Amino acid sequence: MKYQFKKLAAAIALTVPVSLTEIALARGIKNQIPVTQKERQYEFICKFAKAATTPSSKNSNSAEIRDNPKTLRIQGKDLVVTPIFDSTEASAASSATNGNKKRKADFSSLKQFYAMSSNNATIEELHKIAKELESTNQVEYCEFIPKYTPPPADIAPLSTDYSAYQDHIQPDPGIDVTYARSLGLTGSNVTIADIEYDWNLDHEDLVDQNVSFGTERTPIDNPSHGTGVIGILVAGDNGYGMTGTVPNAEVIVFTEMRGRGIAIIRAIEALSPGDIIILEMQRGGPQTPGSIEETNFPGESFVPADYDAVIWQLVNVATDLGIHVIATAGNGNVDLDHSLYDDYRARGDNGSIMVGAGSSTALHNKLSVSTYGSPIHLQGWGENVWTLGTGDLAKFGDDDNQAYTHSFNGTSSAAPIVASAVALVQDYAETFLGRDISPLEMRTLLIETGIAQGEGGLIGPLPNIRAAIERLSEEISSGNICDGINEYPNWTAQDWPGGPYNHANALDKMVYQGGLYEANWYTSSVPGSDPSWLSLGACATSPTAN
């Protein structure tokens with residue numbers, strides 16, 4: 001069998017989405033060309049063997065057809081052979097990521113994929129050509145992929161689109177997710193681990209999302225709680241039901257039913273710096289005046305999960321690794337500044353963002369159920385949150401997979417709302433600044449740019465995504481991330497007013513040997529020499545700076 005290659009005077013344009021290549025990579029099997037239909041249009045793709053020579057010459061390398069479109073004449077038909085990735089794109093792709101932004105992947109095999117098209121062949125003829133190409137040792141396999149597959153559809157009966165009612169995404173009194181969306185931010189650079197009890201991942205608004213179990217599921221009678229939490233985050237942007245604040249983020253769920261500590265450890269192992277853990281857990285602690293008694297344990301009220309020392313230490317491990325931990329304060333109306341919690345406060349700062357429950361109004365008052373006090377950093381909506389599960393708003397077809405609520409409440413709803421702000425601000429930093437934000441920097445940023453709390457015990461401000469991003473955008477305009485930063489040993493802090501500058505405090509930044517470092521706590525060591533420092537990267541001009 002002899003083929004003739006020649007340059008095509010007018011090449012037929014053919015657009016191939018990246019997902020197509022991923023599908024082709026996944027199949028990788030000869031003699032499994034799918035059945036095609038006259039009524040549909042297809043992308044015709046072939047993967048050439050890695051060491052294949054061009055059919056026109058046994059001595060020429062297949063790279064000859066990788067730089068320019070060529071034509072292949074077979075069975076009396078001219079086929080345009082076009083590399084899907086040219087050499088420049090393939091080189092760039094080889095250093096890209098494959099879903100987890102920190103784990104590198106080898107994309108060199110993309111150079112072997114070619115789009116085949118013809119202006120004078122029917123789909124039946126192309127099918128025969130594909131089989132003939134597969135019969136050679138130069139082609140690993142060919143594939144036909146429909147050019148259009150309908151997006152995920154609402155299962156019957158049709159569900160209402162409630163996204164217009166999700167006011168927590170709006171500017172004040174919401175957290176202004178809409179501003180992040182205007183910048184194209186959807187959480188695609190962030191992975192979120194939710195640790196709690198159970199979830200219904202078969203819900204119609206989750207089934208097509210990037211959500212998975214990180215530990216074996218332990219079903220309980222009502223998984224609506226977990227479903228509501230991750231629904232706030234990643235409900236599909238699909239024209240029905242709800243829409244998540246970060247619909248393109250990855251979510252991994254870890255059940256605490258097999259041990260809270262184990263769940264946190266598994267989450268840490270699965271994540272990278274800049275990712276997020278949500279601790280949707282509370283625990284019983286001593287009652288303080290006015291607190292709400294826990295029904296099952298008389299004399300106790302709900303407080304943060306890290307009241308347990310082991311949980312506190314594991315949270316500290318996670319934040320030291322650059323993972324943001326968003327923790328619920330608990331629905332006990334407990335005063336954490338009471339003397340009964342002196343020992344808890346004396347542990348110091350484990351780097352988490354502790355979240356209280358605030359009102360859904362512009363007053364941003366503390367809700368009566370929320371635990372409060374100086375260990376609480378930020379608030380989220382603790383009432384009137386529209387999300388998935390329960391069915392008190394609607395349960396279409398009496399189906400749990402089509403259940404929705406407009407009253408997800410308490411610190412349970414507050415935590416994923418704050419996590420949404422963290423994810424979108426982190427997404428901005430990854431996209432526009434090319435760096436991660438440390439947990440302590442993130443917490444300080446959201447507190448300083450947040451919307452002030454109203455009445456009630458201390459639960460902190462509500463995040464304001466726009467204000468936080470605008471603060472970070474100053475990095476871009478400055479051109480160099482190290483501009484204006486002290487260089488070691490020009491210390492930033494004093495032990496007492498009027499004393500010598502001899503150390504750095506937590507969140508202080510310093511430049512050392514061309515790198516930017518941030519102090520995790522009080523330190524006088526050389527930047528980067530021990531865990532008291534976090535590296536923020538080289539002092540290079542931001543790629544988006546003018």
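Where is the place of Thr-390? I looked this up before anything else. Thr-390 sits in the loop between β16 (385–388) and β17 (394–395). I am working from a predicted model.

I stayed with Thr-390 for its backbone. Its phi is near 70 degrees, a positive value in a residue other than glycine. Most residues other than glycine have a negative phi, and most peptide bonds are trans. I then checked accessibility. Thr-390 has a relative accessible area of 46%, so I log it as partly exposed.

Asn-333 is not a glycine, yet it has a positive phi of about 50 degrees. I found Asn-333 in the loop between β13 and α8 (342–346). Is Asn-333 buried or exposed? Its relative accessible area is 14%, so Asn-333 is buried.

Next I went through cis peptide bonds. I found one from Asp-172 to Pro-173, with omega near 20 degrees. Pro-173 lies in the loop between β6 and α4 (177–182). I found another cis peptide bond joining Tyr-488 and Pro-489, and there omega is about 5 degrees. Pro-489 belongs to the loop between α11 (465–478) and β19 (493–494).

**Entry: aromatic rings**

A pair of aromatic rings is described by the distance of the centres and the angle of the planes. How many aromatic pairs does the count come to? I get 12 aromatic pairs. In one of them, the ring centres of Tyr-488 and Trp-491 are 5.5 Å apart and the planes stand at 90 degrees, so I call the pair edge-to-face. The cut-off for that label is over 60 degrees.

I compared the two partners by accessibility. Tyr-488 has 27% relative accessibility, so it counts as partly exposed. Trp-491 has 10%, so it counts as buried. The line for buried is under 20%.

I also wrote down one aromatic cluster. Its members are Tyr-162, Tyr-165, Trp-386, Phe-396 and Tyr-404.

**Entry: strand β9**

Glu-250 is in strand β9, which covers residues 250–255. It has a relative accessible area of 18%, so Glu-250 is buried. I looked for a partner and found Thr-191. The two side chains make a polar contact at 3.2 Å.

Then I took the strand as a whole. Which way do the side chains of β9 point? Glu-250, Ile-252 and Phe-254 point one way, while Val-251, Val-253 and Thr-255 point the other way. In a regular strand the side chains alternate between the two faces of the sheet. Six of the six residues of β9 are buried, so the strand is largely enclosed by the rest of the structure.

I traced the neighbours of β9. Strand β7 (residues 191–196) runs parallel to β9, and six bridges join them. I marked Glu-196 opposite Thr-255 of β9. Strand β8 (residues 211–213) also runs parallel to β9, joined by three bridges. There I paired Val-211 with Val-251 of β9. β8, helix α5 (residues 224–234) and β9 make a left-handed β-α-β unit.

**Entry: disulfide**

How many disulfides does a search of the whole structure find? I logged one disulfide. Cys-46 and Cys-142 form it, with their sulfur atoms 2.1 Å apart. Cys-46 lies in strand β2 (residues 42–48) and Cys-142 in strand β6 (residues 139–146), so the pair ties together parts that are 96 residues apart in sequence. The torsion about the S-S bond of Cys-46 and Cys-142 is about 100 degrees, so this disulfide is right-handed. I found both Cys-46 and Cys-142 buried.

**Entry: Ile-326**

I turned to strand β13 (residues 324–328), where Ile-326 lies. Its relative accessibility is 0%, so Ile-326 counts as buried. I listed what it touches, leaving out residues up to four places away in sequence. Among them are Ile-276, Ile-278, Leu-279, Ile-353, Val-355, Ala-415 and Val-422. Val-422 is 96 residues from Ile-326 in sequence, but their C-alpha atoms are 8.9 Å apart in space.

**Entry: whole chain**

I ended with the totals. The protein chain has 11 helices and 23 strands. Of its 546 residues, 52% are buried. Among contacts with a separation of 6 or more, 70% come from residues 24 or more positions apart.

How values were computed: Residues numbered from 1 in each chain as written. Predicted model: local features only at pLDDT ≥ 70, side-chain atom pairs only at ≥ 80, totals over all residues. Heavy atoms only, no water. Phe/Tyr/Trp six-rings, centres within 6.5 Å; stacked < 30°, edge-to-face > 60°. Buried < 20%, exposed > 50% of the residue type's maximum accessible area, 1.4 Å probe, protein only. Helix = DSSP H or I, 4+ residues; strand = E, 2+ residues; numbered from the N terminus. Polar contact = N/O pair within 3.5 Å; in protein donor to acceptor, adjacent residues only side chain to side chain. Pairing = 2+ DSSP bridges. Right-handed = clockwise from strand over helix to strand, strands pointing away. Disulfide = S-S within 2.5 Å. Contact = heavy atoms within 4.5 Å.
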